[in-house]
Amino acid sequence: MTGFGNAVVETPDLIIRVEIKSLNSRGLDLNIRVPRNHSEKEITLRPLLSNRLQRGKVSINIDTEATGTRVAGSPINAGSLVKYYRELKNLAEAEGASTDNLFSALLSIPDINQSKGNEDITTETDWPFIEKALNLAIEKFEEFRKAEGEALQKELSVYIRNIGD
């Protein structure tokens, strides 16, 4: 059976989003994406999720977003940006090239753009909130599957009645 479930849990400084999607499959093919700081939890999650989800090609995605006091400073390394900009501007002027798009080009350099994504912002104390979001998403996922099963049952009952007539 196909399935879908999602949940959002918010704390004062973190938003946790969990999304579960599945496609039909005989066995269970489980793909879990958790924040990097909690990758060791995947080992304990697998058997628990296997018991609840049972079958299908299931994809679970857990995303986190910092809010409030957890939002880090600027992801741009201003010192490096200025250094690279001056160097490239001097080179461009010496060669007669345009300097119009220097800033956008420089933002793709890892040394300048230091945003690491949201996977590194979680701590061990966040895990209970992540579990809560995961359980809420699983509940919605199970409700989705149940509703789909009921709709399929009704449709098959109509087909069976039509065969009998």
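Me: Buried means under 20% relative accessible area, exposed over 50%, and partly exposed in between (1.4 Å probe, protein chains only). On that scale, what is the relative accessible area of Arg17?

Reply: This is a predicted model, in which local features need pLDDT of at least 70 and side-chain atom pairs count only at pLDDT 80 or more, while totals for chains, interfaces and linings use all residues. Residues are numbered from 1 along each chain as its sequence is written, and side-chain values use heavy atoms, with hydrogens and water left out. Arg17 falls in the partly exposed class, and its relative accessible area is 36%.

Me: Which residue meets the side chain of Arg17 in a salt bridge?

Reply: Side chains of opposite charge can pair when their charged atoms come close, and a salt bridge is counted here when a side-chain nitrogen of Lys or Arg is within 4 Å of a carboxyl oxygen of Asp or Glu. For Arg17 the N to O distance is 3.0 Å. Arg17 belongs to strand β2 (residues 14–23) and its partner to strand β4, so the pair ties together parts that are 48 residues apart in sequence; helices (H or I, at least four residues) and strands (E, at least two) are DSSP runs, numbered from the N terminus. The partner is partly exposed at 29% relative accessibility, and its name is Glu65.

Me: Which residues does Asn61 touch, not counting residues up to four places away in sequence?

Reply: Asn61 is placed in strand β4 (residues 56–66). Its side chain also makes a polar contact with the side chain of Asp63 at 3.1 Å, a polar contact being a pair of N or O atoms within 3.5 Å, where within protein one must be able to donate a hydrogen and the other to accept it, and where residues adjacent in sequence count only if both atoms are side-chain atoms. With contact taken as heavy atoms within 4.5 Å, and with that sequence limit, the residues touched by Asn61 are Arg17, Val18, Glu19 and Arg33.

Me: How many residues apart in sequence are the parts that Glu124 and Lys41 tie together?

Reply: Glu124 forms a salt bridge with Lys41, with the closest N and O atoms 2.9 Å apart. Glu124 lies in the loop between α3 (102–106) and α4 (127–164) and Lys41 in helix α1 (residues 41–53), so the parts they tie together are separated in sequence by 83 residues.

Me: At what angle do α1 and α4 pack?

Reply: Axes are lines fitted to C-alpha atoms, for helices over the stretch in contact, and angles run from 0 to 180 degrees between N-to-C directions. The axes of α1 and α4 are 12 Å apart, and the contact includes Lys41, Leu45 and Leu49 of α1, with Trp127, Leu134 and Arg145 among the residues on the α4 side. The angle between α1 and α4 is about 20°.

Me: Is the crossing of α1 and α4 left-handed or right-handed?

Reply: A crossing is left-handed if the near helix is turned anticlockwise from the far one by less than a right angle, and right-handed if clockwise. By that convention the crossing of α1 and α4 is right-handed.

Me: How far apart in space are Leu30 and Leu53, C-alpha to C-alpha?

Reply: Leu30 sits in strand β3 (residues 28–33) and is buried, at 9% relative accessibility. Leaving aside neighbours within four places in sequence, Leu30 is in contact with several residues, including Leu49, Leu53 and Ile60. Leu30 and Leu53 are 23 residues apart in sequence, and their C-alpha separation in space is 9.1 Å.

Me: What is the phi of Gln54?

Reply: Most residues other than glycine have a negative phi, and most peptide bonds are trans. Gln54 is found in the loop between α1 and β4 and counts as exposed at 59% relative accessibility. Although it is not a glycine, Gln54 has a positive phi of about 65°.
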